[in-house]
Amino acid sequence: MDEGGRCDFAVACAARRGDELVYVGGVGTDLTDKMARDLRKQLAAMPAKAPPVALKRKNAVFCEPAFVAEITYTEITSDEKLRHPSFKGLRELADDVDVFELKK
């Protein structure tokens, strides 16, 4: 937690564009401290050899894209980022879920 009592963990989100993943923003809203600790532990166990998206962030830790994040948001901005994203949970890719796809 940061000094203001907020969780200092955010999930970097990506969407598909053809065969690649594109960064669409980070989400920390609605992540409880327990969820953040559990996610950090789960994702740290599957580090990526290289970042799956083009994103440079201090202290960012990337994992293999093995999950689909359930995120609510108000809109996609003109620069293709999520506006007001809120984290609802993770699903495994094997769940046959729909993954948001950006237009090419």
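This is a predicted model: local features need pLDDT of at least 70, side-chain atom pairs count only at pLDDT 80 or more; totals for chains, interfaces and linings use all residues.

Biologist: What makes Asp30 and Lys88 a salt bridge?

Modeller: The cut-off is a Lys or Arg side-chain nitrogen within 4 Å of an Asp or Glu carboxyl oxygen. Asp30 and Lys88 come in at 2.9 Å, N to O, so the pair qualifies. The two sit in distant parts of the chain, 58 residues apart: Asp30 is in the loop between strand E2 and helix H1, and Lys88 is in strand E6.

Biologist: How many salt bridges does the structure hold?

Modeller: There are 4. One of them joins Glu80 and Arg17, at 2.1 Å, N to O.

Biologist: Why say that the Glu80 and Arg17 pair ties parts together?

Modeller: Because Glu80 lies in the loop between strands E4 and E5 while Arg17 is in strand E1, parts that are 63 residues apart in sequence. Glu80 has 26% relative accessibility, so it is partly exposed.

Biologist: And what about Glu75 and Arg83?

Modeller: Their closest N and O atoms are 2.8 Å apart, and the limit is 4 Å, so that is a salt bridge as well. Glu75 is partly exposed at 37%, and so is Arg83 at 35%.

Biologist: Over to the strands. How do you know that E1 and E2 pair?

Modeller: Pairing takes at least two bridges. E1 and E2 are joined by 7 and run antiparallel, so they count as paired. Ala14, for instance, has Tyr23 in E2 as its bridge partner. The two strands form a hairpin with 2 residues between them, and Gly18 in the turn has a positive phi of about 65°.

Biologist: Which residues touch the most other members of the largest nonpolar core?

Modeller: Val11, Cys13, Leu39 and Phe87, out of 16 residues. E1, E2 and H1 each give two or more residues to this core. Leaving aside residues up to four places away in sequence, Val11 touches Gly25, Gly26, Val27, Leu31, Leu39 and Phe87. There is also a second, separate core of 5 residues, including Tyr23 and Phe62.

Definitions and conventions:
Residues are numbered from 1 along each chain as its sequence is written. Side-chain values use heavy atoms; hydrogens and water are left out. Helices (H or I, at least four residues) and strands (E, at least two) are DSSP runs, numbered from the N terminus. Buried means under 20% relative accessible area, exposed over 50%, partly exposed in between (1.4 Å probe, protein chains only). A nonpolar core is a set of buried Ala, Val, Leu, Ile, Met, Phe, Trp, Tyr and Cys residues joined through side-chain atoms within 4.5 Å. Contact means heavy atoms within 4.5 Å.
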